[in-house]
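Have the viewer open as you read.

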Amino acid sequence: MKYLNERKQIVEFGKKLVTERLTTGTGGNISIFIREDNIMLISPSGIPYTETLPEDIVIMDLNGNVLEGSKKPSSEYAMHAIFYKQTDNINSVVHTHSDYATAISCLHQDIEPLHYIIGSVGDRVRCSNYRTFGSSELATEAFKTMRDNNGILLGNHGVLAVGPDCAEAFSVAKDIEFLAKLKVHSGALGKPVLLNDEDMAVVKEKFKTYGQQ
Ligand SMILES: [Zn+2]
């Protein structure tokens with residue numbers, strides 16, 4: 001089967017979405033871009049992650065046409081494709097509806113730099129405006145909000161994380177849920193002390209090499 005490794009990665013990280021409690025049921029989706037062939041592999045719509053098989057992964061072009069696969073692709077394919085079309089370094093997109101991050105997205109609040117782990121995402125986790133799920137308007141809004149960060153909150157919806165590969169995009173989605181949880185819990189106890197610009201400059205510098213040794 002062509003792209004077997006990438007298919008297996010989507011299946012494996014889909015299962016991790018459930019075991020790491022980043023989603024329940026069929027919420028969220030994962031894709032991988034094969035740059036040399038200009039195609040993307042994406043999780044199918046409506047199949048539980050625990051039951052998804054490598055052959056269920058759908059192959060699409062970046063205009064939303066299914067090239068291979070008998071299953072319906074995730075309804076959010078446009079929100080994945082826009083990052084592959086518009087950037088030359090993003091090769092995987094992970095979308096979740098994780099609990100704490102989605103709760104904050106309903107307030108249209110950003111997650112401020114309250115813990116150094118935010119360095120894996122950017123200077124802060126921005127929240128986009130609300131757009132209808134599965135629409136090209138949502139894709140455009142998500143892309144506009146991301147700028148040069150690795151993850152955002154989607155207003156009244158969830159989380160979008162991007163990376164050079166699936167492991168890194170997944171890791172960012174997980175970090176965003178951790179940061180969201182910290183914002184909720186620390187905010188319940190008082191007013192969190194935020195990292196200042198100087199602290200964040202050091203953190204961002206360190207994150208350039210973090211995890212790559
Ligand atoms: Zn969604």
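Keep in mind that this is a predicted model. Start with the largest nonpolar core, which has 52 residues; the members that touch the most others are Ala161, Ala169, Ala173 and Ile176. Helix α5, spanning residues 166–189, supplies the largest share of this core, with eight residues. Pick out alanine 173 and skip its neighbours within four places in sequence: what's left in contact with alanine 173 is Leu22, Val94, Thr96, Gly151, Val159 and Ala161.

Two packed helices are described by the angle between their axes and the distance between the axes. Here the pair is α2 (residues 77–86) and α4 (residues 136–146), whose axes come within 8 Å and cross at roughly 45°. The crossing of α2 past α4 is right-handed. On the α2 side you'll find Ala78, Met79, Ile82, Phe83 and Gln86, and they meet Ser136, Leu138, Ala139, Thr140, Ala142 and Phe143 of α4. Sorted by type, the residues of this contact come out as eight nonpolar, three polar and no charged.

Finally, step back to the loop between β4 (66–68) and α2, where proline 73 sits. Is proline 73 buried or exposed? Proline 73 has 23 C-beta neighbours inside 10 Å, so it counts as buried, the cut-off being 20 or more. Beyond four places in sequence, its contacts are Ile42, Pro44, Ser45, Val58, Met60 and Val66. Aspartate 56 is 17 residues from proline 73 in sequence, with 9.1 Å between their C-alpha atoms.

Conventions: Residues numbered from 1 in each chain as written. Predicted model: local features only at pLDDT ≥ 70, side-chain atom pairs only at ≥ 80, totals over all residues. Core = buried A, V, L, I, M, F, W, Y, C linked by C-beta atoms within 7 Å. Buried ≥ 20, exposed ≤ 12 C-beta atoms within 10 Å, placed from the backbone. Helix = DSSP H or I, 4+ residues; strand = E, 2+ residues; numbered from the N terminus. Contact = placed C-beta atoms within 7 Å. Axes fitted to C-alpha atoms, helices over the stretch in contact; angles between N-to-C directions. Left-handed = near helix turned anticlockwise from the far one by under 90°. Nonpolar A, V, L, I, M, F, W, Y, C, P; charged D, E, K, R; others polar.
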